[in-house]
Structures are given as C-alpha cells and as structure tokens.
Amino acid sequence: MDAIATILPTFLAAEPAGAHAPGAQVGSGPPWAILIPLLPLLASALCGVCAMLRVKSKAPAFIVVAMLGASFLATAAVWLQGGGPGPMAGASVAHGWDWIQFAWGDGPGQALIANFSLYLDSLTLLWMLFVTGLATLIALYASEYMSHDVGQGYNRFFAYFALFVFAMSCLVMGDNLLMLFLGWEGVGLCSYLLIGYFYKKPSAVAAAKKAFIVNRIGDLGLVLGVFTTFVTFGTIEYAPLFEMVGAGVDGSGHALHGSWQATWIPIFFMIGAFGKSAQLPLYVWLPDAMEGPTPVSALIHAATMVTAGVYLIARMYPIFLLDDAHTALTIVAWTGALTALLAATIGMAQFDIKRIMAYSTVSQLGYMFAGLGVLTTTGAAFHVFTHAFFKATLFLCCGAVMHGFAGQLDLRKLSGVAFMKGWGVVGVAMLVGCLNLAGFPFTAGYFSKDMILAETFVTPGSVIGGASMVGWILLLTAGLTAYYTFRVFFRVFVGPQMYEPGEEHGHAPHRHDHGPGHPPGHGEHDLADARDQAQKDEPGGAHPHGHDFHPHAPGLAINAVLAILAVASVLAALTYFIHKPDHGWVGAMVHHSTAHFGGLDAHHGDEAAHASHGSFLGLDPHKAMYYVSAVIGMVGIFVAWLLHYRGRTGAAVAPADRLLGALGPIPRWAQQKWFVDELYDFVIVKPLWALSNVFHVIDKLIVDGLVNLAGLTPRGLGAGLRPSQNGLLHSYAAGMAGGIVFILLVVWAVS
Amino acid sequence: MTEKLAILHPEIALFITTCVVMIVGLSRSVGARRASAWITAAGTLTALGLALRSPEGFGLLPGMLAYAKAMIAGVGFLLLLVMAGAVDRGYEARLLRGETFDPIRATRGEFYAFFLFSLMGVMLCAGADDLIWLFLALELVSLPTYIMVAISSSRLRAQEAAVKYFFLGAMGAATFLYGFALLYGAAGTTSLSGIATTFAASGIGPLAYAGLILSILGVCFKIAAVPMHFYTADVYEGAATPVSAYLAFAPKTAGFLALMLIVSTVGWHDGGLPEPVRVTLWVIAALTMTVGNVLATLQTSVKRILAYSSVAHSGYMLVGLIAGPGDGGVFQNGLAAILFYLLCYGVMNVGAFAALTCIERGQNPDDPNDLETLDDLKGLCATRPLVGWAMVLSVLSLLGMPVLLGFFAKLLLFSSGIAAGEIVLVVVLGLNSAIAAFYYLRIISSAMFETPDARRDGGRLTPMRGRVLACVVSGAAVLVLPLLFGPLQRASSRAVSTGQSAAIGERPGGTQAASPEAGR
C-alpha cells in the first residue's frame, strides 16, 4: 500500500502508517510484516494461474513451498527484530492498509474501524512460527504425497493449501476481531474445500458438508461474541479493547465486573472456539474430516486450524478473566476434560489408524481447553506447540503408510512396517510421535501435558469449580491415550511383517477382500473381514493391483520432512528448559502477551499465594505430577504391549481379542463412536428436516404468492410505460418537451 | 499562465494525441494505421499519469480535478480496450485482399480522434468555472459521440440511432443553453463562482430558479435521466456495443460533473438545497430510478436492459446530488458518493458491455453480431468461463451484491441520503434496487444456469483480445477494488472538500483508533 501511495501521491495520499498506530502502549510494527499473510495469498493466486494454464508439473508445489518458506522467514525476522529469540516486549501493530472505517458520529462506539493491520505480540508470533514453519514442511511433504494428482487436482490442492495459510495468518495476526473473523471463516472455507478435495467421493463430500455446517454453529457464537464486544466496548481493535479490559471498564467507562457482558462475551467466544477446535458437543466433524488428503489432515485438522479455538480464548483471556465467577472458564475446563475422555475411549476401539489419530487430536484439544479452563494459558499454549509437531509427525507417518500401501489404513491388515525395506525413517518418526503423544518421560508431550495436569490440581476448586476432578479425568485419559497410541505402534509398525494393500485411489480406508497371492514371505493374510463389513462404506470392486502389489517406500521429500519433524518434536522438549522461571520458552512468550493475566501469574505472584495452592494427595502437584504421569503413561504403553504385541503372530489377531468377550458390547459401542452421530441425527437433523418440509409448503403457497404478486407490479408499470418507447423521433421529442413542462409545473406547484 | 495551464495538462496530452492519430490514421501503411490504437492508448495513459498530478483547480469544486480526470482517463482506457479495432474491420480486411487504399473511406483514425475529443470534453467539464466553458465542454463530449454511433457499425440501425441521438441531443443542449442564458441574465456573470457569490449575496430570484431548473433538465439528457431518457435504449441498441459502453460512461460522467457544478452555485446550506431545486432533483431522481428499472424488466435484449439500467443508475446518483456534501463526514458526503459511484459504475459497466463484445457469431467483420439477447447469453459460463464469470461478477456488482464493488458504491449513496434526511427517497432507492435485482438476475441465470440452444451457433472468441482483457480486468476489479475501499473513498471525499468542510478528507474517528481513551 505504501508503495502505491508513493506512486500516486495526489490521488490516494495514504497517510503514513505511523499515523494509524494506536495508543502509546502499542507501538507500530514493521510494515513489511504484512508480507507474512500476503506471500501465501500470492502463492495461492499463482497456483490459480497454474491451474488456468493447465500446468502439468510440480511447479505449484514448489511455488507454495518457496512462498511459505519466505513467509516463515518473514515471521522469524519480525520475531528477531521484536526481541527474539526471547519473547517480544509488549505488542505492536503493523499497519497494512485501511480497510473498513465507518463512522456515524464522533462519540464512543460510533465508528467501526477494522484495518488490514497485524497485531504483533509474542502470542501471535508463537502461533505464526509453527503455523508457517509446519505449513512449509507439510507442503514439501505434499509435493510428493500428491504426485499422483499432478496435472489434475495438483494445482487446485496447492491453491487451497496456500489460501489456508493466508486465512490462518489473518486469523492469528489480525489486529481486530473482524480480521480474526475473516481468517476464521477463511480457514473454515479452505478446510471445507480440502476435506472435499476428492469431490467425486460421496463420503468426502458428506464429510466436507458436515465440517462446514457444524462449524457454522460455533461461528454463530463467535459472531455474537464479536457483536457484543463491539456493542460493549465500541471497538473491535485489540489495542483499545485490551486497554479497556485491563481497566475493567466498557466503552462508556462503566465498570464491567458483575455485568452480564462479563459473563456472556466469554461464553459466546467459547462456543465459537468449541466449534473450530472440535470440543463437545461440536467435535463430530473432525474425525470425518480425515476424508481429506493426509497432509491436509496433518496441517489443518491436527496442527494448526483446530488450535484456532485455543488461540481465540488465549487472545481474549483478559475478557474471560473479567467474570469473577469464571463461568465460561469452568465450562471450558469441564468440556475439555470430558471431550478428552470421550474421544480417547472412541479412539481405543477404532481400527483405522488415521481415525485413531483424529480422535487423539480431539482428545488432546480437550487437554488444551482444560488447560485454558484451569488458568494455565502457558500449559495450553505449550501443549498446542508440542502437539503441533508430534501430531503432524504422526499424521504424516500415517500418510506415508497410506501412500505406500495404496490407501491401506486398517491396523489389522498391516504389521511390522517399520522393518520393511525403506521404511526405517517412518518407523523411527512414528515411534517419536507415539512417545510424545503417550507422554513418555522427557518427551515434549510429557512436559506439556504435565503442566496442564499439575495445574488442574494447583487451581483451587473455589476459583474453577471441580478443577481437581478435571485433573483426575485427565489423568485417566492420559493412561488411555498411551494405550491407544501404542496399540497402533505395536500393531502396525512392529511385529511380524505382513500387509495387504488398500484400494489404489482410495484415500480413506476401503476394506476389501483381496484374496491370496501376495509375494511369498509375507505370512498369511486370510484376514477375517466379517467384522469390517459393518463399517464398509463403499461397495466393493476388483482390486487394481491384482497379484503383484509392492508397497512403495517413501521418497526423499517425505522422509526428509518426517526426519525434520521427528527431530523438532524431540527438540520441542528442550524449550521447557529455557526461561525456566516462566515455565519454558513458550511460557515466556505467553507471559508477554495478552494471555499472561491469569494462570501462573495470578497464583505464583508471591509465596503466600503459593501456599494456598491446591494439592495432589497432599503433595505439591508440580513435583508429584512428573512421577505420576510418567507412571501412568508407561502403564498404558505396557498394557498396549501386553495386549497387542506379545505373542502376536498375524496382523489381524492380537491377544486383546481374548478380552473382547469379557467386555461385552462395550468395544462395539465405542467403535460406533457411542452412537453420537446417530443421536444428533435423531435429535437435531430429523426434526429440522420435518420442520423444513412444513416451511417449504408455507413458502410455496404463501410466500411465493406474495412475491409473485409484488413482482407483477413493476412489470405492469413497465407495460404501461412501454408505449412511450415507440422508437419515433418526434414522439420522443414531444415526450422530452412534455416532461420539461411537467417538472416545471410540479416545481411551481410545490414552491 | 503556465500554472493555470497545469490544470489542463491531461487535456493537452489528449489533444496532441488526437492530432497525431488523425494523421496516422490516414497513412497508407497498414502498420501505421494499426498503430493509431496504440498511440491512443499511450495518450490516454499519459493523460492518466498527468491527471494524478493535477494541482488544485479553481472554481466551486477545486479539489476534484485529480480524482475526476484520473477516473475519466482510467475508465476511458478500459473503454478503449473494448473499442479498439471496432471500426473499419471489413474495410481493412478488403485492403489486405488487395483493394487500393482510399483515405476518404478510412474512418479508423477519425474514430480514435473522436473518442479522444470526447474524453477531453469530459475532463474539461471537471475544471469548468464558467457557463460558456461548461457548455463547450459538454458539447465537446457529445458531438463526437453522435458520429461515433454512426460509424461504429455498418448496420442501418446505427445510422438511425445516430440521427435520433443527434436531434434529441440538440434539443437537450438547447434546453440547458437556455437555462445558462437565464442564469447569466439573473446573475450578470457567466462565472460559476461569480454566480454563487451573487446568489449568496442577493438571494435567488424566480429567473434564476428558471435558469437553474432548465439547466438541470437539459443536462439530464447527458445523464439519461427522466424526462430526457427516451433516446437511451434505442441509441444503445443501435450503436455497436463498444460505443454503447462508451455512451453509458462518458456523457453520464460529464453530465454529473456539470450538475455538481451547477447545483454548487446555490449550495447545500443548513436545510439542504433551496426548495425548487430540491424538488426538481427529487422528482427527477425518483422518476428516473423507477422508469429505468420497470422498463428494464420487460426487455429481452441485454443491451436494452443495460441501457435502462444506465438510466436507473443515474437516478441513484441523483440522490447523492440532493444530499450534497453534508457536514463533511465521509458517510454524509453525497458528492463524494457520486464521484465514487461514477468510478465503480464505469468499471462494472465496462465489464458487462465488454462481455457482450467478446463473442462473435457473424462472418461479416463489419457486423460481428455479438451477444445481444438473453438467449445469446445462455450457458456463457460453461462455454466461455472467463468471459462468463467476468460478466456475472460485473452484473452482480451492478446489482449491488455485498462485498462486490457496486455494494460499497450504493452504500455511500444510501448513507448520504439518510444523513440528509431524504428518507422517502432512500426508500424509493431501496425498492428500486430490489426491482433491479429481477432483471440483473435474469442475465446471471441465463449465463450461469441455462444450457445454450443446440441450434444456435455458439460463436467464437473475438479476435480482438483487448475486449477480453477489458472484460476480465473489470470483472477482477469488481472483486479487488473493495479492498481499496478506504483509500478510494478518501480520495473521492478529498476531491469535493471545499473550504467550508475542509475536514472531509480526515479519517473518521481517527482519534479513537489513535487513543483508546477517546473512546470512553
């Protein structure tokens, strides 16, 4: 914009960026920070051009990788300039250009200002660092993963992919709630487009619609939150907003404590966050979202977009703390814990490894929300950070398996993958990811989960109702998590080597009988498919590979990305030991942002406050939790080893099967996701369907009739005027003269 | 002297280009004749560059020059993309086949020259501070267009349209010339600022009112407003489509610039315009919107639909003229709204008309038989996605669909009308926007949802790729320009800021963003 301003000085004469920077406390950031969102947008546009030119090479992938890489470097540069590698001091606003500026008066709340500006503080940069960094890596991975689509959907895929990063950076970096909303809807749109990427597949289309529609419910909450914020504070720009919130007053100076807004604004935002971050009761779209290509699942539905809800709450944390009763935060904590537990139980009973990862994502998001709820934004953000790396690793490993075994994801049809030729990197990366997810001691996931667990016991029940109960639920969930994580690992990656390929182009599991004839030495595979018939979602077809299927091991791009991500997942643990007083580097970043108000600060202010901590069975939770959660994690892994590895000779059967009889129908119910989808269908979809039929009749009979009647009026009027347009020169001239006289008469009569 | 000339730099550039083009267009060399289009383009762009650097003018709306002239040159360039190569196609083809060149028969150079003359006239309107200057400028806009209509196509109906346009135009010109004469008689000066001073000092007598109203009515011919609208559909339909596109923008812009200047002489004081002027404009605005829209609903020819919609859009813009600059706030400023609307209308109008010219079905190069009726448009999005979608976007924008350019333009008119207290008129405006949706959506549904007739010749893409470019650029601009809403709107506000409301260009509530305390 500034460049244009120099070219067209008189015409546009945009004021210098500094003139717009709000307030004394918030300085102006580097204007080139605007490149961070704009580079992905440019990449998306270039992919669109590629699509128009029908490019049949991998060019779009390289464009996107290069642009996203540049965007990551720009983020890093902003960070380093602003105070990195530590946290930035305070916040700054980088003004892009004026966007929306409506004013209908000079008083407070009589102007709606939403500029295309970026709010740069530590929280923003923390998010953007891993969003752009992971996006670059995953785009690189996708360049190989999507290679079967070169020339067809390849351009489209990368256009959406880059557009997603643009939207995500608007969401995270915008300096006002309208930009956040733009990004929020933008990531929703990209998510919809990418879930439905295989648009010829009915299940993918249905999943895309489901994601979109369920998210709308959450968005309603967000929109209400934005509206109420504007009505209450008279602004949606962060800088003035947080200043007012800091002083505890609304736009006209009234104290907010105890007002209805202090309770309801957080609840509205919370509903929005629940939708985007797949929390109860709106989590149902996320497992289905796995219909999208795996890189998308890794980036959007595991690492970045689904953490937008966590970001929203962390960003708006000062508003959440306004409510002295902490209503919203208590709901957040409990919802998080229950979601974590429910998703973990479903995850334990699934057979599709990508779906297991999806449920684990829902479950881990539950941890993050519980963390936010029990006043540890640091713990939540730290878990977001570590989770982003290890969950991306896990998904990409699943993707590599899927890519190599022609879409096979059923853990009963794969075994010993890590020991096959060329699959070493995948195996190691998977192990690293699983250890993290299971909370194995000294992994990144262990530290971040600990922080949340400990804080649930630290936070007194008088502040957040039932915080320690939340802690117990989460501890139980931690054990379940370790179990189902290593169930996947022990079944698929170690043990006797055998496999059965999936449907070639299927990107969701298609479970079919393939008959015998696989290369010798791979053991038997007359796998019982009877059980699977229940979840079969597409009719069978001839297997394209016939008799000589060879899994193709991942190539350089996939292996390189997996290696980098595995190393990053390990190294993420080290950040816990930097800035120790702030509970790690992430903690330091959070402390220097708007999310710093609550949690640790409030309770660690002084020793007296420390003494009033809650306790874990009489011990200091911070110290005890290191041991407790380590033990729980290892017990979970041990159970998985016992039930799914020891003595297993085939892919399909495991010692665990012996337990099935004892548990009765419970595993089957869990596998059917506790029938939540069916419940929603019965309680919400069916009644709506009936109601809409009623309205349809009303619409047809009454509304259409009125509309048609109204539509006739202008047509009748026109038909009356039509003769005046007879094409004759003299009659036109007469008409003009008559018209002049008519108007003169009207004026004469009126005045 | 040279300083005063600085305000005319864009016009001078156009004039020099005109001379060059007229000579080059008569050259025996095909290359030279073809170059005339490029020279015209270069001249228009030069004028655009010079216009952006225009200094403050003099007169009643001195700040307007840069914005108005840049807009005129910019949209003019888009229109040139549509028009380039339209004239003499058959003749040039025969020359290529060996016919000897006869300068008398070649009209290509003249066509560009007339285009440039006309564009120059529009620009001159923006800088006028004298009735005589204004009259000459308005006629400089129109006289070339009569000929452009006539030579734009070899079809007989183009000649018919030109004749109608000329005679009725003469009648319109006579009307406002009479009005100007009465104004001179009432105020004793031809200078617009002089008239304004006289009116402010000694009031406005009946003679002056008669002059004002006749001037307004006469200029209504240029903007195709009721009761001077009768020619519109016939002329737009008769002329070749590129020229119709030009007619929908250039005379309308000139007319609105002239109206803004004429009405500025009486000024919008505390209670708005003086009652007779307000009533005149009010009646014209309400009638124009309604007549334009209801007649458009009955048409099957897209060109006629767009012609009547052009009438309706003039009615919308008149609301801004009644509202006037308000108290200087960006959303109260009707004049700024008109300037912004003219720019938006120019862009989306080019998009819609250019799309029609992109497909040709005839074999005769002088009569390309481009898209005309709703039936011709069927399935355009499927068969020619680029053109089809650009058209759909432009038409949606004309309709005022939110997020697209036309929405923001209309929003400003609404807000200025409401701020001025013209609630009834704004309701009429809203109702008319709804009626307009009817025929715009018919265009869109033809292009998007219907399948083309199997018997019908699907046509081929025009060899003149400038048209496709103009169409696509306009379609894209409709999407992209809303992002620049703030700066563009500020530029238009600054353009009409006068001494009494110097703060117009200021950012609304800027203080609030700068210091949150101010918001409490």
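Analyst: pLDDT is the predictor's confidence in each residue, from 0 to 100. Two residues are in contact if their C-beta atoms, placed from the backbone, lie within 7 Å. Residues 1-24 of chain A keep a pLDDT under 50, and the model has 47 contacts for them beyond four places in sequence. Over residues 505-547 of chain A the pLDDT is also below 50, and this stretch has 50 contacts beyond near neighbours in sequence. The structure is a predicted model, in which local features need pLDDT of at least 70, side-chain atom pairs count only at pLDDT 80 or more, and totals for chains, interfaces and linings use all residues. Residues are numbered from 1 along each chain as its sequence is written, while chains are lettered from A and ligands numbered from 1 in the order in which they are written.

User: Where in chain A is confidence lowest, and where is it highest?

Analyst: The lowest mean, 36, belongs to helix α20 (residues 530-533) of chain A, and the highest, 93, to helix α5 (residues 154-173) of chain A. Chain A averages 82, with 88% of the residues scoring at least 70. Helices (H or I, at least four residues) and strands (E, at least two) are DSSP runs, numbered from the N terminus; chain A has 29 helices and five strands.

User: Why is A:F442 called exposed, and why is A:K673 called buried?

Analyst: A residue is buried if 20 or more other C-beta atoms lie within 10 Å of its own, exposed if 12 or fewer, and partly exposed in between, with C-beta atoms placed from the backbone. A:F442 has 12 such atoms, so A:F442 is exposed. A:K673 has 21 and is therefore buried. Most residues other than glycine have a negative phi, and most peptide bonds are trans. A:F442 lies in the loop between α17 (424-438) and α18 (444-458) of chain A, and A:K673 in the loop between α27 (666-671) and α28 of chain A.

User: What makes α8(A) largely enclosed by the rest of the structure?

Analyst: Eight of the 10 residues of α8(A) are buried, and the helix is therefore largely enclosed. Among them are A:Y238, A:L241, A:F242 and A:E243. The buried residues pack against β2, β3, α7 (202-233) and α13 (317-322) of chain A.

User: Why do α2(A) and α3(A) count as roughly antiparallel?

Analyst: Axes are lines fitted to C-alpha atoms, for helices over the stretch in contact, and angles run from 0 to 180 degrees between N-to-C directions. Angles under 35 degrees count as roughly parallel, over 145 as roughly antiparallel, 65 to 115 as roughly perpendicular and the rest as oblique. The axes of α2 (residues 35-52) and α3 (residues 59-82) of chain A come within 8 Å and cross at roughly 175 degrees, so α2(A) is roughly antiparallel to α3(A).

User: How many residues does each chain give to the contact between chains A and B?

Analyst: Chain A gives 53 residues and chain B gives 50. On the side of chain A, α29(A) gives the most, with 13 residues.
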